[in-house]
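My notes follow in the order I checked things.

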Amino acid sequence: MMRNPLETYGALGRRYGDAIRVPFGRERALYVLSRPEYAEHVLVANQANYVKAFTYRPLRAVLGDGLLTSEGETWRRHRRVVQPVFAQRHVVGFAPQIVETAAKAVERWPDGVMLDAAGELRRLTLDIVGRALFGSELAGEAGRTGRSLEILQRGAVAGTFLPGVAAKRGLYQRVPGLSGALAQLDGLVQRVVRGSSGGEMLHLLKERGEFTEEELHDEVLTLLLAGHETTAASLAWTFVLLSRYPAARERLEQEVDEVLGGREPQAEDMDRLPWTRAVLEEAMRIYPPAWTIERDALEDDDIAGVQVPAGSTIAIPPYLLHRNVDIWPNPEGFQPERFLGDTGRSRYAYLPFGGGRRICVGAGFAMLEAVLVLATISRTHRLDLAPGMSVPLRAEITLRPAGAVPMRVTRR
Ligand code: HEM
């Protein structure tokens, strides 16, 4: 489980179905639940009985009291400040900046050359979130930040089951390797916070939140990391899948050409690009960047027929939920048409952004960004994997391609 959680979850699911009890320690158990009814109960209907699981502790050591890892009153206060910036009617205002940043990045790509698509997309999404939320130019930091995140994710997973250790930032700072990664991220946050131009989110955090300096640091770091790593992963998987499914890619290029007719995309095009959106949704079904969502139960509960004692850990892995054959026939197949029209599926059958009050605060921003970036790139360029090349997965905190993803870029 520790060495290869994704494969282990997959194997457990195939062998034991969609409600699995995995004993660990003397009394506790992990429940791996992958049906929409279970997800709805834990994340929404009875969410007051659940807190973020102990497995988030190492993440908490890094992100502190930011939105992703805080609880209770601190979480509520932060969410009240951050959420309005991500309201749909507000988010569309970021569209011109997203498209401009993406178009500029693509212009730099030489024709016919192999690039590391994962690295390029991480650089682009960090640049977008830096500019849009904080008025900072961060593209040049992407390489180092990516390496820090690799190191910290590995350290976090390794530290999960060492209770006294996992939650302490001070201890991480003493581990060679981890300390360098933390210092790099601190430097990044400091440059953003001290940046002269600011950006709307930074103003809000400074003025509305009554945050301590540490809380401000934690929230900026949370938004920078949660706001680019996942979107980069979903775009990287999308290009990998498009390269393997030429018919889906042709339909995408056709849609982009017809709708845009040579101009750049804008927010209003979101509804006119249903296939582009479906391609992204299907990529996030197969490779959900947040591949598992975990909670600890405060009291005994009955989760749609599964009895769980207080103190149990519940995993609702989108990775398994999105492969449940009762809901998703041919689950390994890339079929964006699953997301067109009225599907009749439960809304809890597909949870790339989680659910309930802890649902991803940046979901609207992420979808806008991903559709606009995919349309901007596909308008002029095509990315191809080397023939026969496989892309290994790495599932730690996020599910992403392991290492570089060499793809050939050609101008269309
Ligand atoms: C494809 C891109 C993204 C995916 C798949 C994703 C996924 C998720 C998921 C599943 C959660 C809930 C975790 C849980 O319940 O334990 C979450 C929370 C969160 N996400 Fe995202 N996210 C994405 C993009 C973004 C962006 C662009 C931002 C900000 C700019 C962002 C900021 C956050 C924050 C702050 C939280 C914590 C919210 C809270 O607990 O109140 N995410 N995300």
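Before placing anything, a word on element names: helices are DSSP runs of H or I with at least four residues, strands are runs of E with at least two, and both are numbered from the N terminus. I also keep in mind that this is a predicted model.

**Entry 1: the iron**

Which protein atom donates to the iron of the ligand? I found a single donor from the protein, the SG of Cys360, at 2.3 Å. I then looked up where Cys360 sits, and it is in the loop between helix 17 and helix 18, the latter covering 363–380.

**Entry 2: around the ligand**

Next I listed the neighbours of the ligand. There are 28 residues around the ligand, and Cys360 is among the closest, along with Tyr56, Trp75, Arg79 and Arg295. Sorted by class, the shell has 18 nonpolar residues, six polar ones and four charged ones.

I checked which elements contribute. Helix 4 (72–82), helix 14 (229–244), strand 5 (293–297) and helix 18 each give the shell at least two residues. Helix 14 has the largest share, with three.

Then I went through contacts to the ligand's oxygen atoms. For Arg79, an N or O atom of the side chain is 2.6 Å from a ligand oxygen. For Arg295, a polar side-chain atom comes to 2.7 Å from one. Leu67 uses its backbone instead: an N or O atom there is 3.3 Å from an oxygen of the ligand.

**Entry 3: the second largest pocket**

I moved on to the second largest pocket, which holds about 600 Å³ of space. I get 26 lining residues, and those nearest the centre are Pro5, Leu6, Glu7, Gly10 and Tyr319.

Which helix supplies the largest share of this lining? It is helix 1, with six residues. Helix 1 spans 5–16, and I also noted helix 8 (142–159), helix 17 (318–321) and strand 10 (393–395) as giving at least two residues each. The class count for this lining is 10 nonpolar, 10 charged and six polar.

**Entry 4: the cavities**

How many cavities of 30 Å³ or more are there? I count two.

The largest cavity has about 120 Å³ of space. I wrote down its lining as Ala118, Arg122, Gly146, Leu149, Glu150, Glu229, Ala232, Ala233, Ala236, Arg400 and Pro401. Helix 14 turns up again here and gives the most, four residues. Helix 7 (117–134), helix 8 and strand 11 (399–401) are also down for at least two each. By class I have six nonpolar, four charged and one polar residue in this lining.

The second largest cavity comes to about 50 Å³. Its lining is Phe239, Leu242, Arg249, Leu252, Glu253, Ser378, His381, Arg382 and Leu383.

**Entry 5: what I take away**

For the iron, I come back to Cys360 as the single protein donor.

How values were computed:
Residues are numbered from 1 along each chain as its sequence is written. This is a predicted model: local features need pLDDT of at least 70, side-chain atom pairs count only at pLDDT 80 or more; totals for chains, interfaces and linings use all residues. Side-chain values use heavy atoms; hydrogens and water are left out. On a 1 Å grid over the protein atoms alone, a cavity is a set of points where a 1.4 Å probe fits but cannot get out, and a pocket is an open set with protein on both sides within 12 Å along at least five of seven lines; lining residues have an atom within 4 Å of a point. Grid points are joined across faces, edges and corners, and a volume is the space filled by probe spheres set on the points. Ala, Val, Leu, Ile, Met, Phe, Trp, Tyr, Cys and Pro count as nonpolar, Asp, Glu, Lys and Arg as charged, and the others, Gly among them, as polar. Donors are N, O and S atoms within 2.8 Å of the metal (3.2 Å for Na, K and Ca); water is not among the atoms, so sites may look incomplete. A residue is near a molecule or strand if one of its heavy atoms lies within 4 Å of it. A polar contact is a pair of N or O atoms within 3.5 Å; within protein, one must be able to donate a hydrogen and the other to accept it, and residues adjacent in sequence count only if both atoms are side-chain atoms.
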